[in-house]
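Here are a few notes to read alongside the model. Please keep the coordinates open as you go through the points.

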Amino acid sequence: MTSQSFLTDKLANELFIAVVGPGGSGAGQAAKILKEFLETQAVGGGTYEVHILKASDEIKAWARINGKDLSPVAGRKTLDSVVSLQNLGDEMRLSFRDNAAVARAVMARIRAKRAAASGRPEGEIDGKPRAYIIDSLRHPAEAHLLRRVYQDAFTLVGVVCDDGVRHGRLVRELFDFNDRGSLENRDRVTAFMVRDADACD
C-alpha cells in the first residue's frame, strides 16, 4: 500500500497528521507535500481545508509570554538558532512538567483555528472537511497524547533520510556559503545530529 492510498483510506471530515523526523530530514517539505495532496482529495461533498501548524511557533509563543530571550531564534535560520529553539522547547516541557506540553499548545491552536473557521464555539465541529498537519514533533509523549485524543483521525508520518544527505543539507541550510567548508562547523552539525537523534527517541 502506498502512503497516498493509506491516507486516502483514512479520509474523514477531520484529519490530524503529525510529521516527525530529525533535523535536515525534510519534515517541513513533507508537510507541504501532504497539504498539496489533501487539498485535492474530495470528502463529504467538498475538499479539505488544510492548515499547517508549526510546533516551533507554539514554543516561541510560550517563550514570549514568559519573557524568554528570543533574539537567538530571530532572523535567518542558523545552527545556533535551531539549538536555541530546541533549548526553549526543553524549557517549556520542564516548566509544565509535561513532555507533551508542546502538543497541548498545538491542540489549543487547532481548537482556536476550528472555531475561527466555523464561526462556532471552541469544541464544536461544523462537518467541513479540515486537515491539521503538525510540523514537527520532537518528543514521543507528544505523539502519544495526540493519538489518545484524536484516535483514528490521527496519523503519524515519519520522515527518514540518509545521515550523509541530512548532514549536507544542514550545512547548506544553516551556514553561509563561505562557512560551509569549515571543519569546525561540520563537526558542530555532526554533534547537533547526535543530540537531535537523542531528542527524537
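Predicted model: local features only at pLDDT ≥ 70, side-chain atom pairs only at ≥ 80, totals over all residues.

1. A definition to begin with: the expected span of a helix is 1.5 Å times one less than its number of residues. Helix 5 covers residues 101–118, and its 18 residues should span 26 Å at 1.5 Å a residue; the end C-alpha atoms are 26 Å apart, so expectation and model agree.

2. Staying with helix 5, which of its residues are buried? They are Ala 101, Val 102, Ala 103, Ala 105, Val 106, Met 107, Ile 110, Arg 114, Ala 115 and Ser 118. Just after the helix comes Gly 119, with a positive phi of about 75 degrees.

3. Next, the helix pairs. Two packed helices are described by the angle between their axes and the distance between the axes. For helix 3 and helix 4, the angle is about 65 degrees and the axes are 9 Å apart. Angles of 65 to 115 degrees count as roughly perpendicular, and helix 3 and helix 4 are therefore placed in that class. Their crossing is left-handed. On the helix 3 side, the contact is made by Ser 56, Glu 58, Ile 59, Lys 60, Trp 62 and Ala 63. Helix 4 contributes Leu 85, Leu 88, Gly 89, Glu 91, Met 92, Ser 95 and Phe 96. By type, the residues of this contact are seven nonpolar, three polar and three charged.

4. Helix 3 also packs on helix 5, where the axes come within 9 Å and cross at roughly 100 degrees. Helix 3 and helix 5 are therefore roughly perpendicular to each other as well. Here Ala 55, Glu 58, Ile 59 and Ala 61 of helix 3 meet Val 102, Ala 105, Val 106 and Arg 109 of helix 5. This contact holds six nonpolar residues, no polar ones and two charged ones.

5. Do have a look at Arg 130, which lies in strand 5. Is Arg 130 buried or exposed? Its relative accessibility is 1%, so Arg 130 counts as buried. Beyond neighbours within four places in sequence, Arg 130 is in contact with Asn 13, Glu 14, Leu 15, Tyr 48, Glu 49, His 51, Ala 117 and Ser 118.

6. Some backbone geometry deserves a second glance. Most residues other than glycine have a negative phi, and most peptide bonds are trans. Arg 97, in the loop between helix 4 and helix 5, has a positive phi of about 50 degrees although it is not a glycine. At 80% relative accessibility, Arg 97 counts as exposed because the cut-off is over 50%. Gln 151 likewise has a positive phi of about 50 degrees and sits in the loop between helix 6 and strand 6 (154–158); its relative accessibility of 54% makes it exposed too. The peptide bond from Asp 135 to Ser 136 is cis, with omega near -10 degrees, and Ser 136 belongs to strand 5.

7. Finally, Thr 78 lies in the loop between helix 3 and helix 4. With 25% relative accessibility, Thr 78 counts as partly exposed. Thr 78 and Glu 173 are 95 residues apart in sequence, yet their C-alpha atoms are 7.5 Å apart in space.

Note on methods. Residues numbered from 1 in each chain as written. Heavy atoms only, no water. Helix = DSSP H or I, 4+ residues; strand = E, 2+ residues; numbered from the N terminus. Buried < 20%, exposed > 50% of the residue type's maximum accessible area, 1.4 Å probe, protein only. Axes fitted to C-alpha atoms, helices over the stretch in contact; angles between N-to-C directions. Parallel < 35°, antiparallel > 145°, perpendicular 65-115°, else oblique. Left-handed = near helix turned anticlockwise from the far one by under 90°. Contact = heavy atoms within 4.5 Å. Nonpolar A, V, L, I, M, F, W, Y, C, P; charged D, E, K, R; others polar.
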